[in-house]
Amino acid sequence: MNRKTSMSYIDLLAWYTENKNKLEGCRIDNIFKIEGLSAYLLKLYCRGEYKNLVLEPGKRIHFTKYERQKDSTAEVTVLRELLRDRIIKDISILGTERIIKILASEKIIYLELLPRGLMVITDENNKVLFSTEYKEFKDRTIKLGLTYTPPPPLNPPTKEEIDKLLKKGNLSRILGIPQELAEALKLYATNEQELEEAKKKIEELLRKISSGNFDKCLIKDTTVLPVKIEGCIEMESYNDALDEFFTAEERSLIKSEIDKKLEEERKKLEKTIEETKRQIEDYEKKAEELRSIAQIIVANYETVNSLLSQSGKRNPFKTTINGIEVELDPSLSVYKNSSKYFDMAKEYVEKAKRAREVLEDLQRKMRDLENQILERKEEIIVASRKKEWYEKYHWTITRNGFLVIAGRDIDQNESIVRKLLEDKDIFFHSDIQGAAATVLKTNGKEPKEEDLLDAATISACYSKAWKAGMAAIDVFWVYGEQVSKTPPSGEYLKKGSFMIYGKKNYIKNVRLQLAIGLIKSEEGLKVMTGNIDNVSSKTDTYVVISPGDDDPSKLADKIIKYFYEKFGIKGLRALKEDIIREIPGKSKLLMKKIKA
């Protein structure tokens with residue numbers, strides 16, 4: 001079976017059918033370039049939650065659950081100016097082509113999944129404002145200010161071509177579908193009648209896909225199909241199947257490219273190091289030869305003195321002493337002739353010394369490069385981890401295994417209470433206006449006091465108390481059944497506000513100290529926050545922060561450096577954004593582990 005290299009029209013139709021409604025109404029929060037690829041990541045805010053959409057011209061479009069290393073390049077700056085904060089109003093496929101059109105307020109995104117396809121941004125009149133490539137093609141021209149023209153459709157095969165393809169049993173080109181799909185459907189045709197039957201099967205498949213009635217089949221390292229075949233993994237969604245397939249391919253490609261680039265650098269360094277070593281050997285050998293000549297001259301004083309006095313020459317001349325060729329200067333004494341060779345030997349000793357310094361510098365660069373190779377490989381592993389559903393919120397796992405989630409903003413606060421808070425769950429809120437709605441999911445079990453404190457710490461740290469620089473704050477908790485979005489008659493509840501009925505239970509003086517730890521899982525490293533006792537019970541790899549003066553980005557750099565120097569953990573640059581997202585505001589790093 002052929003390996004998929006890009007989404008087919010059928011893949012695109014399946015993805016579009018499944019995700020059109022999910023995409024429309026989303027706000028484009030930010031845009032990044034995926035490091036090492038000609039692909040882009042749109043961070044979208046969709047009905048109370050963030051989603052990441054991958055757009056790769058000539059290849060794919062899908063939401064992703066995986067983290068990636070991101071670049072902010074000059075072209076990304078342009079894309080942000082054009083697209084940031086725009087609402088996706090509509091999404092459509094151009095005819096039966098592999099081109100998707102996304103209307104984002106007054107801007108239009110065209111993503112071409114055809115070979116050599118582009119991503120083009122236009123205004124509402126289809127005038128080009130940005131393209132991943134500006135070029136005069138055979139059938140169209142893509143330039144700033146010109147009207148966008150999609151690639152022309154492929155001409156259908158002629159009768160003669162169809163006959164030839166039928167003889168070869170190649171229905172893929174005739175039907176306009178991937179070869180692997182033709183194989184999966186077991187399509188067979190050697191004449192026009194059988195060909196018509198095959199076409200009907202494809203038409204039936206397209207109808208099923210358009211109605212949402214299709215399979216989501218992943219064949220690892222090979223393809224994704226909307227039909228079930230033996231050996232395929234049935235995924236929850238077609239998007240998940242595409243995400244798994246292309247992310248695995250992407251990881252392999254980036255690793256290969258990084259390995260290739262770093263290997264080339266290493267080979268260049270190795271060659272330079274070997275040349276420098278040979279140079280040092282040559283210099284030392286030359287110095288030794290010159291010292292030997294100097295010693296021969298002194299050891300044969302009478303012979304040399306006689307040669308100098310009897311030579312009758314004014315210019316230096318060569319002679320042989322003890323089988324060694326020696327150049328003597330008749331204007332100098334025996335000792336000065338010897339001294340001249342000693343001085344020349346010193347020059348080569350100095351050259352060897354300087355070359356050794358160069359060698360040490362090259363060897364240091366080689367060590368740095370070896371570390372960089374290891375670092376980059378670790379970054380790929382760290383960056384490609386699949387995130388759990390709850391990681392879109394602030395979260396922790398308490399000492400006894402209860403999940404705690406807290407909203408990052410008003411929309412998430414609203415979503416948590418409306419959709420995720422159940423009657424027996426426990427709702428926490430700091431005793432201050434402006435705090436995260438925090439929920440401990442009980443799953444019908446009874447949490448202990450230490451679990452309540454673990455959740456209360458999340459509520460306290462992700463409140464305005466942190467930004468106010470407070471040392472501690474009271475936190476109250478109630479059961480989910482005591483929380484309501486329904487206000488008393490005649491009153492109005494603004495977004496993110498809730499009614500609390502019945503008795504509030506208080507946890508006094510919850511300290512504003514937050515531990516940030518690295519938790520190892522089968523998928524890789526993830527960042528977990530919580531109070532010190534909780535995080536330290538799960539990992540030794542953690543730091544503690546409190547309200548301070550460092551902005552989150554600067555503090556994240558300090559944390560990454562600390563984890564590297566203290567624990568030798570590589571690849572954490574890929575987790576910087578995750579760490580920043582868990583820092584409540586301006587903070588300081590408490591390097592020593594502190595027990596509450």
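This is a predicted model: local features need pLDDT of at least 70, side-chain atom pairs count only at pLDDT 80 or more; totals for chains, interfaces and linings use all residues.
Residues are numbered from 1 along each chain as its sequence is written. Local features need pLDDT of at least 70 and side-chain atom pairs 80 or more, while totals for chains, interfaces and linings use all residues, and side-chain values use heavy atoms, without hydrogens or water.

**Helix pair.** Select H1 (9–23) and H6 (192–210); helices are DSSP runs of H or I with at least four residues, and strands are E runs of at least two. Their axes are 9 Å apart at about 25°, the axes being lines fitted to C-alpha atoms over the stretch in contact, with angles from 0 to 180 degrees between N-to-C directions. H1 and H6 are therefore roughly parallel, a term for angles under 35 degrees. Show Tyr9, Ile10, Leu13, Ala14 and Thr17 of H1, which meet Leu205, Leu206, Ile209 and Ser210 of H6; contact means heavy atoms within 4.5 Å.

**Sheet.** Next, select the six strands of an open antiparallel sheet, ordered S18-S19-S21-S20-S22-S25; paired strands share at least two DSSP bridges. S18 (394–397) and S25 (505–511) each have a single partner, so one side of each lacks a neighbour in the sheet. The twist averages 25° from one strand to the next. Zoom in on S20 (426–430) and S21 (438–441), joined by three bridges; Phe428 stands opposite Thr438 in S21.

Methods
Angles under 35 degrees count as roughly parallel, over 145 as roughly antiparallel, 65 to 115 as roughly perpendicular and the rest as oblique.
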